[in-house]
Amino acid sequence: MQVKENGILKKYIPLAVFALAIFLLPSHISNYEMKTLIFVGINAIVAMGLCLLMGYAGQISIGHAAFYGIGAYTSAIITTTYGLSVWIGFLAAILLSGLVALLIGIPSLRLKGHYLAMATLGFGEIMFVLFVEMEQLTGGTEGILSIPPLSIGKFIFATSQQIYYVVWIVTILLLVVALNVIHSRVGRALRAVHGSEIAAQAMGVNTAKYKIQIFVLSAVYAGIAGSLYAHFVNFINPTPFTLNFSIILVIIVVVGGMSSIWGALAGAFVMTLLPEYLRVFQEYNLIIYALILMSVMIFMPSGLVPGFLNLINQFKQREGIWRFLESKN
Amino acid sequence: MALLRIEKLTKAYGGLVAVDAVNFKIYEGQIKALIGPNGAGKTTIFNLITGMEKPDEGGAFFNEQSITGLKPHQIARLGISRTFQNIQLFGEMTVLENVMVGRHPRTKADFFASAFRLPLVGREERAIAEDSFELAKFIGIASKARALAKNLSHGERRLLEIARALATEPEIILLDEPAAGLNDRETGELGELIYRIRDKGITVFLVEHNMGLVMEISDEVVVLDHGKKIAEGPPLLIQEDEQVIEAYLGKEIEHA
């Protein structure tokens, strides 16, 4: 059927273009810019997970920094304290962030809207306190030092460029997974939950189960990002895992555009690069930063990606009107 | 054997008894209507049958199996589908996608299979899209397949709700005021559509205020007033039932 084939093309062409751009980029940029783009990739992974949860399933989390932290600490502890391989650390980070999300999700996903936001916020705060206070495990405020970099066998990913490729390959794979989920029976069920929970139930969707599954998947994304972060910076302390980062993640998703997974990517680029480029304004940078965010929300309330798509559509329609008028003369 | 049997169904909200020990049966292939003044408890009965609310007493039996206490999604899976009085579409999804959600209980690609797009997923997706498009054609909204549900007219929304409900392959479909807000032409077409649904072998149970439609298409009518069943039978008998006339028009004041 025609409808279907178009859908698949629409899904993979932007993906291929994006992947190509990402892989060609390193030869054109400085080492510093590459490091910044590594952070873009890491933030994009967390944001994509949060976007699946917020934009597609309609559930809010203001505690995602905690899952990011769980991923980072799990990886760090397993590779330093226990001296195991980074891949075991990576797998453990995935498992533990998912497991914690399962345990937290079962009671808290019964809540809706603001109440769920409050519950996840509370969870985030509790985890932050644990990162600080469980000194024997986490090193307290001092944190954990000399976390080994990622490696395969004897090959160590040490240079920025190598890490860039690792992070972005993982990011793009996770983008593919997210796109697959969205364009599937499961994705439709999730969007249905967002649209009308009772109607979704009446259509045979086990809404409680799906909400928990997407929450777990979203936490796993954060856990993966956390693990990559730990092995990239080789040192962690509780500072990056505060409420502040949870809120930045929500802003990334909202500014980029919740209704599209590409929005999470765009948001991660904008929100990570913007502070870098605004440094030239010195003490005014925060004001300009805030003004830019406010303008986006005023002029593109649905976020950057859906906003630009709307503009393009409007432009096309206007073109269409002109063509129509010209054809009449 | 009744397809759906309602037994001593009772539901109270605080002191108000919304549904009071109601009994009735629906047989396979019937078009049965549930009528009654506003607040008689009609939608509550729909909610109790579909598991959206729990009865205080009594329950429902589907193919003689008790469905009381099952979750809404489990009941949908068994073959009971419904529409909503206050339309509950997935507004940000297209018409086709809305119907595709209805295929959920009859398909199986889970989280894992979908995430890694296992071979079964592609095949199933195509089947879901095709079946859903067929249903959109059956209902007469195929030309709007790519439109977002929120951009449909009121009449089209009512139709889309029916298409989505049919996509679950129900044995019985519960229509909650399907003619509400429709004009005469649309109501006439709805009547035809309900016949076509019945002819597919699907039993129809509807709540409706449009008496013209109810009396024309129903095989049997149940009348509810203040939560109690006051009459049940073929339309012609119901129209002449004194209790029913009283419930709708009020008691005639006797002059001395």
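The largest nonpolar core of this predicted model has 175 residues, and those with the most contacts inside it are Ala47(A), Met48(A), Val253(A) and Ala163(B). Such a core is a set of buried Ala, Val, Leu, Ile, Met, Phe, Trp, Tyr and Cys residues joined through C-beta atoms within 7 Å, where buried requires 20 or more other C-beta atoms within 10 Å of the residue's own, with C-beta atoms placed from the backbone. Leaving aside residues up to four places away in sequence, Met48(A) touches Leu174(A), Leu175(A), Ala178(A), Tyr221(A), Ile261(A) and Ala264(A), a contact being two C-beta atoms, placed from the backbone, within 7 Å.

Local features need pLDDT of at least 70 and side-chain atom pairs count only at pLDDT 80 or more, whereas totals for chains, interfaces and linings use all residues. Residues are numbered from 1 along each chain as its sequence is written, and chains are lettered from A in the order in which they are written.

Chain B comprises ten helices and ten strands, which are DSSP runs numbered from the N terminus (H or I, at least four residues, for helices; E, at least two, for strands). Of its 256 residues, 45% count as buried, and among the contacts in chain B with a separation of 6 or more, 67% join residues 24 or more positions apart.

Where the chains meet, 39 residues of chain B are in contact with 24 residues of chain A. On the chain B side, two or more residues come from each of α2 (72–78), β6 (80–82), α3 (95–102), α4 (111–115) and α5 (119–139), and α5(B) gives the largest share, seven residues.

Methods
A residue is buried if 20 or more other C-beta atoms lie within 10 Å of its own, exposed if 12 or fewer, and partly exposed in between; C-beta atoms are placed from the backbone.
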